[in-house]
Amino acid sequence: MRETRHSGKPNLQISVNNLCLDMRGSRVLDQIDLTIDQPGVTMILGPNGAGKSLLLKCIHGLLSPTQGSIGFNGLNGNPKQAMVFQKPVLLRRSVMDNMRFADQDRQTQSKLEQALDSVQLLEKREHPATQLSGGEQQRLALARALITKPDLLLLDEPTASLDPASVLIIEKLIQQATRQHIKSIFISHDIGQARRLSADVIFLNRGLVIEYSDAAPFFFAPHSDEAKAFLSGEIVL
């Protein structure tokens with residue numbers, strides 16, 4: 001049983017109702033029912049092929065479910081969303097031009113420079129974005145997402161295979177976003193990272209929600225055999 005935490009700002013509530021997704025004749029998400037109403041980071045965990053990225057893309061509107069619906073409450077209208085993918089998608093322009101392109105509010109140059117400084121890319125603001133290292137590209141992708149001031153930030157394994165310094169910068173920015181009342185949904189295969197960041201955890205396997213609970217009880221006393229095996233480092237089929 002999860003407890004809803006309250007702050008001065010109304011929580012964004014995401015309601016996933018009987019969501020099913022079929023692809024190439026197979027059901028890859030099956031009767032997903034979730035009410036995500038915690039502030040902070042909701043972590044999606046599960047083995048490869050569990051349907052984690054597909055669920056994230058449905059929430060973001062990149063995929064249309066075969067049946068069911070996704071609704072948002074707690075804000076006027078739909079929330080402003082931003083998504084960071086495992087492989088950064090950057091414009092073939094300079095680092096600063098990537099920031100300017102995303103900045104729909106036409107913020108000051110100093111604000112954009114401050115955002116780049118937060119990911120330690122200010123000195124590379126005139127460099128071609130596609131010539132950055134993998135970690136630098138992902139840090140730019142996150143800074144570009146945050147400059148849009150989203151209500152909901154979706155992250156699909158944003159730190160996979162990155163250098164430790166980039167992982168640390170990205171985690172600190174996610175924690176900072178939480179303090180600014182940005183709701184995050186984060187996919188990770190790193191259990192240590194999940195423990196550090198998550199407020200609550202959705203555990204998927206074979207397109208099904210096996211568990212959904214606050215982070216502490218999930219990590220210390222998961223209910224399902226699949227989650228226990230996953231947290232122990234065993235192969236989950």
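**Close-up 1. Gln-120, in the loop between H3 and H4**. This view, like the others, comes from a predicted model. Gln-120 sits in the loop that runs between helices H3 and H4. Its phi is positive, about 55°, although Gln-120 is not a glycine. Most residues other than glycine have a negative phi. Is Gln-120 buried or exposed? The relative accessible area of Gln-120 is 58%, so the residue counts as exposed.

**Close-up 2. Gln-31, a positive phi within strand E2**. Gln-31 belongs to strand E2. Its phi is positive, at about 50°, and the residue is not a glycine. Gln-31 has a relative accessibility of 52% and therefore counts as exposed, the cut-off being over 50%.

**Close-up 3. The hairpin of E1 and E2**. Strand E1 covers residues 13-23 and strand E2 covers residues 26-36. The two strands pair in the antiparallel sense. Seven bridges join E1 and E2. Leu-19 faces Ile-32 in E2. How many residues lie between the strands of this hairpin? There are two. Arg-24 has a positive phi, near 50°, in this hairpin.

**Close-up 4. Salt bridges around Arg-27**. Arg-27 takes part in a salt bridge with Asp-22, side chain to side chain, at 2.7 Å from N to O. A salt bridge also links Arg-27 to Asp-30, where the closest N and O atoms are 3.9 Å apart. The cut-off for such a contact is 4 Å, so the Asp-30 pair is counted. How accessible are the partners? Arg-27 is partly exposed, with a relative accessible area of 39%. Asp-22 is partly exposed at 34% relative accessibility. Asp-30 is partly exposed too, at 26%.

Close-up 5. An α-helix has 3.6 residues a turn, so residues three or four places apart point the same way. Asp-97 is partly exposed, with a relative accessible area of 29%. Arg-100 is partly exposed as well, with a relative accessible area of 37%. Elsewhere, salt bridges with shared partners tie Asp-22, Arg-27 and Asp-30 into one network. The structure holds five salt bridges.

**Close-up 6. Helix H1 and the glycine after it**. Helix H1 spans residues 52-60. Which residues of H1 are buried? They are Lys-52, Leu-54, Leu-55, Leu-56, Cys-58 and Ile-59. Gly-61 follows H1. The phi of Gly-61 is positive, near 90°.

**Close-up 7. The largest pocket**. The largest pocket holds about 440 Å³ of space. Its lining is made of 15 residues. Which of them lie nearest the centre? They are Ala-115, Leu-146, Ile-147, Gln-176 and Gln-180. Three helices each give at least two residues to the lining: H3 (109-118), H4 (134-146) and H5 (164-179). H3 gives the most, with four residues. By type, the lining residues of the largest pocket comprise eight nonpolar, five polar and two charged.

**Close-up 8. The second largest pocket**. The space in the second largest pocket is about 340 Å³. This pocket is lined by 20 residues. Met-83, Phe-85, Val-89, Arg-144 and Ala-145 are the closest to its centre. Which elements give two or more residues to this lining? They are strand E5 (81-84), helix H2 (95-102) and H4. The lining of the second largest pocket has 13 nonpolar, five polar and two charged residues. Helix H4 supplies residues to this lining, and H4 also supplies at least two residues to the lining of the largest pocket.

Note on methods: Residues are numbered from 1 along each chain as its sequence is written. This is a predicted model: local features need pLDDT of at least 70, side-chain atom pairs count only at pLDDT 80 or more; totals for chains, interfaces and linings use all residues. Side-chain values use heavy atoms; hydrogens and water are left out. On a 1 Å grid over the protein atoms alone, a cavity is a set of points where a 1.4 Å probe fits but cannot get out, and a pocket is an open set with protein on both sides within 12 Å along at least five of seven lines; lining residues have an atom within 4 Å of a point. Grid points are joined across faces, edges and corners, and a volume is the space filled by probe spheres set on the points. Ala, Val, Leu, Ile, Met, Phe, Trp, Tyr, Cys and Pro count as nonpolar, Asp, Glu, Lys and Arg as charged, and the others, Gly among them, as polar. Two strands pair if DSSP finds at least two bridges between them. Buried means under 20% relative accessible area, exposed over 50%, partly exposed in between (1.4 Å probe, protein chains only).
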